[in-house]
Amino acid sequence: TSSGIYYALFENDIGCQVTSDSLKIIIDTASQGITYDLKYAIENKPLNLDAREIADSVFWNPGNQLNTTTIFHPTFLGTADQLYIILLKSAAGCVTVDTQLVRTVKAVEIYVPTAFTPNSDGLNDLLRPKLRGIARLYYFKIYDRTGRMIYETNMPELGWDGTFKGEPLSSQAVVWILSCVGLDQEKYLRKGTSVLLR
């Protein structure tokens, strides 16, 4: 059950002993496969993709629109949506299968909902930007009507849950502002309002 260096010891009836050559044995199990978050690419602009570095080798299939298929961080460049099957192979030969879907857009797209309902029903509970063709979010900030900043993040997958310092806020309009850079290397600044509905 344990990886290590193993050898056999042979002994005859009169006590003579000899050992075999040693052999490195690797005990391993495949990891659970996962589906990565959807990625958006701008048509014909490079987008870096990332596979989990949990194996000794990787293979992206198909190789369409990738600069290579055998590294953990290839670059996508193309005009068509593509679903990739990522084969992660351990030193012991165990294979984990992950998937990555890439969708293409013609230009950077930035959306922020005009309202959200943080009532823990699993629907529209967070206020967060929906970004397509973005390389990096510098910040997403939310202010109340008095101008007090009540939320800030630079991680687009996170979102505001309608609380401030752990306390839920009442229904109100809030102002948001975000800054980001696109895969086209252009900087974008957007602002608007959203309504918190209780």
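Me: Which side chain does Asp-98 meet in a salt bridge?

Reply: This is a predicted model, and in it the side chain of Asp-98 forms a salt bridge with that of Arg-52, at 2.9 Å from N to O. The two belong to distant parts of the chain, 46 residues apart, with Asp-98 in strand β10 (residues 95–105) and Arg-52 in the loop between β6 and β7 (57–61).

Me: How many salt bridges does a search of the whole structure find?

Reply: The search finds 6 salt bridges, and one of them joins the side chains of Arg-103 and Asp-81, at 3.1 Å from N to O. That pair also links distant parts of the chain, since Arg-103 sits in strand β10 and Asp-81 in the loop between β8 (75–76) and β9, 22 residues apart. Arg-103 is partly exposed at 34% relative accessibility, and Asp-81 is partly exposed as well, at 38%.

Me: What about Glu-109, which residue does its side chain meet?

Reply: The side chain of Glu-109 meets that of Arg-132 in a salt bridge of 3.3 Å, N to O. Glu-109 lies in strand β11 (residues 109–111) and Arg-132 in strand β13, so this pair ties together parts that are 23 residues apart in sequence. Glu-109 counts as partly exposed at 22% relative accessibility, and Arg-132 does too, at 27%.

Me: Switching to the largest pocket, what lines it?

Reply: The largest pocket holds about 770 Å³ of space and is lined by 21 residues, with Leu-38, Lys-39, Leu-131, Pro-156 and Glu-157 lying nearest its centre. By class, the lining has 11 nonpolar, 8 charged and 2 polar residues.

Me: Which strand gives the largest share of that lining?

Reply: That is β14, which contributes 4 residues. The strands that each supply at least two lining residues are β5 (39–42), β6 (47–48), β13 (130–132) and β14 (134–143).

Me: Last one, on the surface: which residues form a nonpolar patch?

Reply: Phe-59, Leu-87, Val-95 and Val-97 form that patch, and together they have about 290 Å² of accessible area. Of these, Leu-87 belongs to strand β9 (residues 82–89) and is partly exposed, with a relative accessible area of 32%.

Key:
Residues are numbered from 1 along each chain as its sequence is written. This is a predicted model: local features need pLDDT of at least 70, side-chain atom pairs count only at pLDDT 80 or more; totals for chains, interfaces and linings use all residues. Side-chain values use heavy atoms; hydrogens and water are left out. Patches are made of residues with over 30% relative accessible area and no salt bridge: like charges are joined within 9 Å, nonpolar side chains (Val, Leu, Ile, Met, Phe, Trp, Tyr) within 5 Å. Accessible areas come from the Shrake-Rupley method with a 1.4 Å probe; for residues, only the protein chains shown count as cover. A salt bridge is a side-chain nitrogen of Lys or Arg within 4 Å of a carboxyl oxygen of Asp or Glu. Buried means under 20% relative accessible area, exposed over 50%, partly exposed in between (1.4 Å probe, protein chains only). On a 1 Å grid over the protein atoms alone, a cavity is a set of points where a 1.4 Å probe fits but cannot get out, and a pocket is an open set with protein on both sides within 12 Å along at least five of seven lines; lining residues have an atom within 4 Å of a point. Grid points are joined across faces, edges and corners, and a volume is the space filled by probe spheres set on the points. Ala, Val, Leu, Ile, Met, Phe, Trp, Tyr, Cys and Pro count as nonpolar, Asp, Glu, Lys and Arg as charged, and the others, Gly among them, as polar.
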